[in-house]
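This report describes the architecture of one protein chain for a reader who is new to structural analysis. Please keep the sequence and the structure in view while reading.

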Amino acid sequence: MQFIEMTGRELMDALHDDELTAEDLQKSHITENSIVRINRQGDIEVRRPEGWDIVGGLIGDYENRILKSCGRTWA
């Protein structure tokens, strides 16, 4: 499966109002320095010490927003 990895800050910059809120991010323990990744289906995963946790999803034209926010492509 392909992902785009990014920081929590880059994710925050790319989110729309109808996706994860600041409160959702806080509950998921995502900070500006967190390592997150997005898969092609728009699932958001955050890196934990023991692995990855799915914390939500993106909708709409998320691919262009993610690419613009972090400058990385699918790997």
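## Salt bridges and the parts they join

Arginine 72 counts as partly exposed because its relative accessibility is 38%. In this report, buried means under 20% relative accessible area, exposed means over 50%, and partly exposed lies in between, with a 1.4 Å probe and protein chains only. The model is predicted: local features need pLDDT of at least 70, side-chain atom pairs count only at pLDDT 80 or more, and totals for chains, interfaces and linings use all residues. Residues are numbered from 1 along each chain as its sequence is written, and side-chain values use heavy atoms, with hydrogens and water left out.

The side chain of arginine 72 meets that of glutamate 10 in a salt bridge of 3.0 Å, N to O. This pair links distant parts of the chain, since glutamate 10 is in helix H1 and arginine 72 is in the segment after H3, 62 residues apart. Glutamate 10 is buried, with a relative accessible area of 16%. A salt bridge is defined here as a side-chain nitrogen of Lys or Arg within 4 Å of a carboxyl oxygen of Asp or Glu. Helices (H or I, at least four residues) and strands (E, at least two) are DSSP runs, numbered from the N terminus.

The structure holds eight salt bridges, and the table lists some of them.

| Glutamate 10 | Arginine 72 | 3.0 Å |

Glutamate 32 is partly exposed at 42% relative accessibility, and arginine 9 is partly exposed at 33%. Arg9 and Glu32 also belong, with Asp13, to a network of salt bridges. Glutamate 23 and lysine 27, by contrast, both lie in helix H2, four residues apart, which is about one turn of the helix. Lysine 27 is exposed, with a relative accessible area of 58%.

Two strands pair if DSSP finds at least two bridges between them.

E2 and E3 pair in the antiparallel sense over three bridges, and valine 36 stands opposite valine 46 in E3. These two strands form a hairpin with three residues between them, and glycine 42 in the turn has a positive phi of about 95°. Strand E3 (residues 43-48) is joined to E4 by six bridges, again antiparallel. The hairpin of E3 and E4 has two residues between the strands. Aspartate 43 has glycine 57 in E4 as its bridge partner, while isoleucine 44 stands opposite glycine 56.

Within strand E2 lies arginine 37, which is buried at 16% relative accessibility. Not counting residues up to four places away in sequence, arginine 37 touches Phe3, Ile4, Glu5, Asp43, Ile44, Glu45 and Trp52; contact means heavy atoms within 4.5 Å.

Which residues of H3 are buried? They are Tyr62, Arg65, Ile66 and Cys70. Seen down the axis of H3, the buried residues fall within an arc of 105°, so they line one face of the helix; the arc is that of the directions from the helix axis to the C-beta atoms. The buried residues of H3 pack against E1, helix H1 (8-14) and E2.

Lysine 68 is also found in helix H3 (residues 62-70), but lysine 68 is exposed, with a relative accessible area of 76%. Lysine 68 and alanine 14 are 54 residues apart in sequence and 8.0 Å apart in space, C-alpha to C-alpha. Glycine 71 follows H3 and has a positive phi, near 75°.

Histidine 29 lies in the loop between helix H2 (22-27) and strand E2 (35-39). Histidine 29 has a positive phi of about 60° although it is not a glycine. Most residues other than glycine have a negative phi. Histidine 29 counts as exposed, at 59% relative accessibility.
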